[in-house]
Amino acid sequence: MLAEIKGLNEECGIFGIWGHEDAARLTYYGLHSLQHRGQEGAGIVVAGGGNLSGHKGLGLVTDVFQSGTLDALCGSAAIGHVRYSTAGGGGYENVQPLLFRSQTGAMALAHNGNLTNAIELKLALEGQGSIFQTTSDTEVFAHLIRRSQAPTFVGQMKEALSQIEGAFAFLLLTETALYAALDPHGFRPLSLGRLGSAYVVASETCAFDVIGATYEREVSPGELLIISGEGVRSERFAPERPRSICSMEYIYFARPDSHVDGINVHTARKNLGKRLALEAPAEADIVTGVPDSSISVAIGYAEASGIPYELGLIKNRYVGRTFIQPSQALREQGVKMKLSPVRGVVAGKRVVMVDDSIVRGTTSRRIVAMLREAGAVEVHVRISAPPITHPCFYGIDTSSKEELIAAKHTVEDIRRLIGADSLAFLSQEGLLAAIGRPEGAPQRGQCLACFTGQYPTRISPIAQPCMTVK
Ligand code: SF4
């Protein structure tokens with residue numbers, strides 16, 4: 001599925017390293033492997049020579065950093081960030097890490113997620129005299145740290161962490177330590193790894209593989225890690241709760257070679273496909289998946305159904321994002337530019353087309369039409385998730401409720417609107433069972449709020465759903 005044209009986007013990816021002389025370059029490689037999590041901006045801050053310095057810009061990691069830029073970032077610790085703008089909007093000032101300097105020293109901050117009480121806190125802080133440099137919810141956290149009266153920096157961080165609500169995986173860098181914190185529900189993934197004597201922390205484990213680091217463990221919900229010359233120390237800022245990791249990480253966002261909360265993403269997707277084949281069989285000649293995330297699902301569907309898997313759709317990898325505009329007309333054009341049916345494979349065939357979600361319905365309609373134009377005689381659409389009926393407040397841009405096709409249409413209506421011969425969504429139970437978490441305990445491990453409307457946290461009455469700022 002093609003996120004930027006479908007209207008389903010991740011907000012950010014973060015990477016941090018402590019104790020390696022080539023910290024900036026390794027962070028660059030780490031961010032490069034997390035590029036799928038955000039393409040609007042990238043930045044790196046290093047700690048070295050008793051100071052913090054950084055570079056950031058709008059665009060892809062390879063656009064923002066050249067060899068000379070990285071050479072100038074000297075230090076043995078670094079944090080980096082790739083951004084997709086939802087909360088706070090785009091613009092250079094919102095590209096992270098955010099760097100703050102004060103009498104007591106400098107600190108840099110990188111955040112993945114979305115704070116659901118950011119507006120409330122910001123109003124209160126402004127009432128007390130705070131002035132904000134950015135429109136990002138991340139800056140609220142820095143102000144809370146600075147306003148804390150706790151006697152130690154760790155105490156100040158813990159006090160600030162206990163005031164914010166929603167989804168957050170934070171990396172904070174000072175001259176003396178790297179801090180990593182995950183919200184009490186653990187909405188977003190965050191893993192700890194080792195590279196020789198150095199420590200690394202990243203949104204996804206694929207960032208460890210690319211630099212040759214080994215996976216150690218997950219940062220647990222409500223945990224604050226303090227990484228310094230003395231090693232890793234773990235503290236808690238909130239009691240451990242049942243984890244509510246975002247289901248969309250498995251369904252769509254994370255790279256297939258990553259492990260999310262200890263579960264391999266490709267394997268989870270293949271199991272989604274197998275379960276989908278059991279729940280929603282189809283009489284067809286071939287199974288095809290919409291690249292990239294649904295390839296693994298389609299392989300699983302084919303394996304369980306006995307219908308051969310074929311490469312019926314090809315993604316054009318060299319289309320620049322500059323072509324993709326948020327207007328509906330250009331979004332539709334974007335589908336054609338990014339995806340092509342393989343005529344020789346689909347012509348004359350009954351096709352099962354597997355995809356990961358239907359958001360507005362526009363993309364699915366275009367792909368079904370494309371397959372028919374290429375000669376498919378029947379198109380049976382199978383979706384590896386339940387219908388998305390509610391917006392996300394935790395950092396995923398799922399559009400507003402008004403734009404979500406499943407919020408106001410039945411499955412049969414949607415089938416007709418997208419022009420498919422049949423349409424089926426995976427059940428909630430199927431989703432949990434396929435990923436590897438037990439049926440009947442929906443809140444034990446995964447957030448399902450965009451399918452159920454049951455949000456694991458309080459949502460402030462003035463919180464905004466995560467949406468692309470147009
Ligand atoms: S509401 Fe949906 S997209 Fe948002 S965190 Fe929960 S599962 Fe993920």
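In the predicted model, tyrosine 301 makes contact with Gly273, Lys274, Leu276, Ala277, Ala280, Pro281, Ala282, Val287, Val352, Val354 and Arg382, when residues up to four places away in sequence are not counted. Tyr301 also belongs to the largest nonpolar core, which comprises 44 residues. Within this core, the residues with the most contacts are Met248, Ile251, Val287, Tyr301, Val354, Leu431 and Phe451. Two or more core residues are contributed by each of strand E14 (245-246), helix H9 (247-253), helix H10 (265-279), helix H11 (293-305), strand E20 (350-355), helix H17 (428-435) and helix H19 (449-452). Another core, of 29 residues, lies apart from the largest one and includes Leu109, Phe168, Ala177 and Phe237. In soluble globular proteins, nonpolar side chains tend to be buried together.

Nonpolar residues are also found on the surface, where Ile119, Leu123 and Ile462 form a patch with about 250 Å² of accessible area together. Of these residues, Leu123 is located in helix H5 (residues 118-127). Leucine 123 is classed as exposed because its relative accessible area, 52%, is over the 50% cut-off.

Threonine 69, in helix H4 (residues 67-71), has a relative accessibility of 18%. This value is under the 20% limit, and threonine 69 therefore counts as buried. A polar atom of the threonine 69 side chain lies 2.9 Å from the backbone nitrogen of glutamine 66. With neighbours within four places in sequence left aside, threonine 69 is in contact with His55 and Val64.

Conventions
Residues are numbered from 1 along each chain as its sequence is written. This is a predicted model: local features need pLDDT of at least 70, side-chain atom pairs count only at pLDDT 80 or more; totals for chains, interfaces and linings use all residues. Side-chain values use heavy atoms; hydrogens and water are left out. Patches are made of residues with over 30% relative accessible area and no salt bridge: like charges are joined within 9 Å, nonpolar side chains (Val, Leu, Ile, Met, Phe, Trp, Tyr) within 5 Å. Accessible areas come from the Shrake-Rupley method with a 1.4 Å probe; for residues, only the protein chains shown count as cover. A salt bridge is a side-chain nitrogen of Lys or Arg within 4 Å of a carboxyl oxygen of Asp or Glu. Helices (H or I, at least four residues) and strands (E, at least two) are DSSP runs, numbered from the N terminus. Buried means under 20% relative accessible area, exposed over 50%, partly exposed in between (1.4 Å probe, protein chains only). A polar contact is a pair of N or O atoms within 3.5 Å; within protein, one must be able to donate a hydrogen and the other to accept it, and residues adjacent in sequence count only if both atoms are side-chain atoms. Contact means heavy atoms within 4.5 Å. A nonpolar core is a set of buried Ala, Val, Leu, Ile, Met, Phe, Trp, Tyr and Cys residues joined through side-chain atoms within 4.5 Å.
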